[in-house]
Amino acid sequence: MKAFFILLATIVAFPLAAQDGAPPAPFAYRQLDNPAQEAAAQELMETLRCLKCQSQSIADSDAAMAGDMRHQVRIRIAAGDSPDEVRDWLIERYGDYVSYEPVMSATTWPLFAIPVLLVLVAGLLFARRFRRRA
Amino acid sequence: MIAEIGLAALWLAAALAVLQLLGGVLALRGGTTSDIAALTRPAAILQGGLVAVSFAALLYVFAITDLSVKLVAMNSHTLKPLIFKLSGAWGNHEGSMLLWVTVMALAGALIAGIERRLPEKTMQATLAAQGFVALGFYAFLLLSSNPFERLAQPAAEGLGLNPLLQDIGLALHPPTLYFGYVGLSVAFSFAVGALVTKQVTPAFARAMRPWILGAWVFLTLGITAGSYWAYYELGWGGYWFWDPVENASLMPWLAATALLHSASVLASRDALRVWTIMLGVVAFSMSMLGTFLVRSGILTSVHAFAVDPERGSFILFLLALYIGGALLLFALRAGAISEGERFSVASREGALVVNNVMLSAILAVVLLGTLYPLLTEAFDVRVSVGPPYFNPVGAVFTFPMLAVMAVGPLLRWRKDGFGRITKELALVGAVLLSGPILFALLFGMAILPLLGLSFAIALAVASFLPLKGRKLRRVPVETWGMVIAHFGIAVALFGMASESAFSTEKLAALEEGGTTQVGPWSVQLQKVEPVAGPNWTALAGRMTATYRDGEPVEIAPQSRNFWAPPQQTTESVLVTRWNGQLYAVMGSDANDGRWQLRLWWKPFVTLIWYGGLLIALGGVLALVGRVQKDLKRRYVTRRAAERRVDMENG
């Protein structure tokens with residue numbers, strides 16, 4: 001029975017311990033020295049999704065994975081990669097899901113078409129009514 | 001015992017909702033004089049009392065931490081401070097739904113008790129609709145989310161409450177939003193009542209308006225508070241994440257804003273009848289949708305929803321029933337309601353129509369962006385829709401709306417020309433145009449913050465123009481309300497644009513005694529020391545922060561570890577000056593004797609929430625002004641009636 005509780009405690013405590021145990025990657029919480037590169041990295045990080053969180057970018061998450069991704073983004077930008085190259089590399093690894101940047105594609109076009117359509121319809125309706133009155 | 005009393009009161013309330021529905025329906029069919037019709041109002045009032053008893057019972061079992069009640073055992077803990085024990089009562093699914101029906105039943109009791117302006121048939125239909133909506137939520141609570149369920153074996157200790165939620169923000173945030181959601185349910189009931197009797201009149205709009213205004217004030221406060229809570233509690237300085245849960249509160253607000261303006265047109269000009277009814281239905285749909293999104297578990301994943309579908313399906317069913325039913329009724333009856341008074345494009349009504357269309361478009365953008373990822377996920381395609389979509393696409397509709405908002409209040413009702421207000425137009429236009437040039441030259445800014453700052457300044461000026469040439473003391477209270485609310489939008493917009501344009505971030509690893517710079521601040525880490533609380537331990541970083549050459553300020557942000565349930569949180573510290581906030585977060589050990597700090601300097605960021613408060617204040621003033629006028633009107637009618645009786649007798 002006692003062994004069971006120790007086992008249980010280990011299972012419960014393990015994820016926390018794992019999180020604390022491994023030190024965060026160096027650039028997870030460190031900015032690049034070159035301000036232009038840091039700004040570019042920051043802008044990119046704000047459009048990348050933290051895969052472990054709900055609706056947070058990697059720029060504002062404490063999750064260990066977000067830290068690792070920030071580290072990756074910063075060292076790649078520092079190595080001279082363009083933000084788009086870094087994004088493409090991350091998309092290749094994690095899929096389209098990782099990027100918040102809206103791209104018009106076969107799966108996303110309704111996101112842009114529907115609002116425009118709506119305003120056109122509303123405009124038409126009201127235009128007709130106003131004309132009828134004049 | 002107390003828990004059982006709560007449950008019994010809830011069942012009785014549900015029974016009274018049935019009576020309220022039947023009474024209303026029979027009154028519509030058999031005339032308002034029948035015996036059962038006379039029961040509709042008392043049923044609604046008694047129901048409010050019973051649900052209040054039920055909610056009080058829930059508060060009681062949480063206050064004494066009665067661990068034989070399942071909900072308490074799952075969500076509370078004996079070591080929690082009392083305020084968080086109480087707020088824990090609604091910080092969970094069952095409790096929050098009980099809070100929802102409580103507010104709803106109290107609102108129903110209030111309209112049944114005091115609203116006597118509308119034709120009695122419309123009132124009966126309204127109360128029947130109200131009872132019908134309430135009934136669905138009672139069924140949901142009693143059949144699938146009983147908050148008073150007992151455990152066969154009382155738990156030894158509660159499981160605790162998510163530490164992120166152990167905060168005064170949580171104690172107040174959900175109730176505020178629910179007041180808003182439920183206020184819109186009353187507007188919805190009025191809209192259904194008016195549809196049933198086909199009497200869409202200015203009197204109807206005036207009866208509905210205080211509820212819209214009240215709901216809108218609460219939603220505004222709820223969103224503002226929620227945003228500030230995310231800002232200081234999540235520890236990264238973000239104030240809006242376009243998270244589906246946030247969107248769930250923004251969508252009803254957008255619909256309520258549109259409804260508020262179109263109801264004003266209906267009340268004072270007898271125009272936009274059908275559109276107002278439509279918005280009444282849409283606004284409550286958005287509240288229901290918000291509840292569905294937050295409460296169904298569909299947000300974590302569509303697949304998680306499919307694993308435990310009972311509750312989600314139930315709310316989805318209610319959503320379909322009420323919204324589908326109301327839309328069907330709307331489709332059947334809308335043709336029978338004439339469109340009302342006419343007006344030209346260049347008029348107050350014309351501007352409000354543009355405002356309504358733009359608000360609806362923004363609503364569509366938020367709705368689409370929120371639901372689209374869920375939709376594609378059902379087909380196993382995962383799409384991320386986030387700030388890079390919402391910000392620019394929303395802005396396409398927001399900025400034209402702001403431009404119309406600056407000019408609209410200057411126009412006259414019915415028919416006007418822009419020629420009459422050329423001076424004002426020129427002033428607003430000049431401010432609008434000089435802004436971008438100035439900011440672009442000075443700071444070389446991105447386009448959205450640039451537009452935001454210029455529009456904010458132009459709108460701030462424009463919002464006061466309606467007062468020009470008027471004796472300030474004779475301006476009606478509700479006009480002050482409009483001016484202040486519009487000014488609040490400008491203030492909040494300025495805060496958002498400034499935050500995104502001028503914030504500076506500093507991530508630093510410091511030894512004790514080390515100093516770093518962020519913007520105009522220099523921050524020195526004095527000492528790192530352990531601190532213990534009732535259910536947590538923490539590392540506190542004692543720092544001194546100095547703004548330029550000013551007095552140093554002592555701050556001590558913490559990194560906290562809760563143990564029930566185990567979770568790490570950051571307790572950030574904010575140093576507020578008139579021109580912005582310093583945001584300091586204590587990070588973890590850098591493993592080389594240094595400590596990680598996160599620091600931000602955010603110029604004028606506080607204006608975001610001051611703006612929100614101003615908007616709410618404007619709503620309160622409008623509400624006060626309208627209610628005063630209604631009371632006066634009622635008094636005058638009563639006096640006239642009395643005089644008529646006197647004359648007949650004399």
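Okay, let's start with a pair of strands: in chain B, E6(B) is joined to strand E7 (residues 566-571) by six bridges, and the two run antiparallel. Strands here are DSSP runs of E with at least two residues, helices are runs of H or I with at least four, and both are numbered from the N terminus. Two strands count as paired if DSSP finds at least two bridges between them.

Quick housekeeping: this is a predicted model, where local features need pLDDT of at least 70 and side-chain atom pairs count only at pLDDT 80 or more, while totals for chains, interfaces and linings use all residues. Residues are numbered from 1 along each chain as its sequence is written, and chains are lettered from A and ligands numbered from 1 in the order in which they are written.

Back to the strands. Gln558(B) has Glu571(B) in E7(B) as its bridge partner. E6 (residues 558-563) also pairs with strand E4 (residues 536-547) of chain B, antiparallel, through five bridges. There, Ala538(B) sits opposite Arg560(B) in E6(B).

Now an open sheet in chain B: four strands, ordered E1-E10-E9-E8, with antiparallel pairing. Which strands are at the edges? Strand E1 (504-510) and strand E8 (573-577), each pairing on one side only. From one strand to the next, the twist averages 15°, using axes that are lines fitted to C-alpha atoms (for helices, over the stretch in contact) and angles from 0 to 180 degrees between N-to-C directions. Between E8(B) and strand E9 (residues 580-589) there are five bridges, again antiparallel, and Arg577(B) stands opposite Gly580(B) in E9(B).

On to domains, with bounds from an automatic or database domain assignment. Chain B gets domain 1 (1-166), domain 2 (417-503 + 609-650) and domain 3 (504-603). The centres of domains 1 and 3 of chain B, taken over C-alpha atoms, are 44 Å apart. Their contact takes eight residues from domain 1 and seven residues from domain 3; "in contact" means C-beta atoms, placed from the backbone, within 7 Å.

What about the two chains? Chain A puts 31 residues into the contact and chain B puts in 35. On chain A's side, helix H5 (residues 109-133) gives the most, nine residues. That side of chain A divides into 14 nonpolar, ten polar and seven charged residues. Nonpolar means Ala, Val, Leu, Ile, Met, Phe, Trp, Tyr, Cys and Pro; charged means Asp, Glu, Lys and Arg; the others, Gly among them, are polar.

Next, the largest nonpolar core. It has 183 residues, and those touching the most other members are Val101(B), Ala187(B), Ile212(B), Ala255(B) and Ala256(B). A core is a set of buried Ala, Val, Leu, Ile, Met, Phe, Trp, Tyr and Cys residues joined through C-beta atoms within 7 Å. Helix H8 (residues 202-233) of chain B supplies the largest share, 17 residues. Leaving aside neighbours within four places in sequence, Ala255(B) is in contact with Leu279(B), Val282(B), Ala283(B), Met286(B) and Leu363(B).

Last stop: Arg117(B), in the loop between helix H5 (93-114) and helix H6 (120-144) of chain B. Why is Arg117(B) called partly exposed? Because 15 other C-beta atoms lie within 10 Å. With C-beta atoms placed from the backbone, 20 or more others within 10 Å makes a residue buried, 12 or fewer makes it exposed, and in between is partly exposed. Arg117(B) and Arg206(B) are 89 residues apart in sequence but 9.2 Å apart in space, C-alpha to C-alpha.

Technical notes: Two residues are in contact if their C-beta atoms, placed from the backbone, lie within 7 Å.
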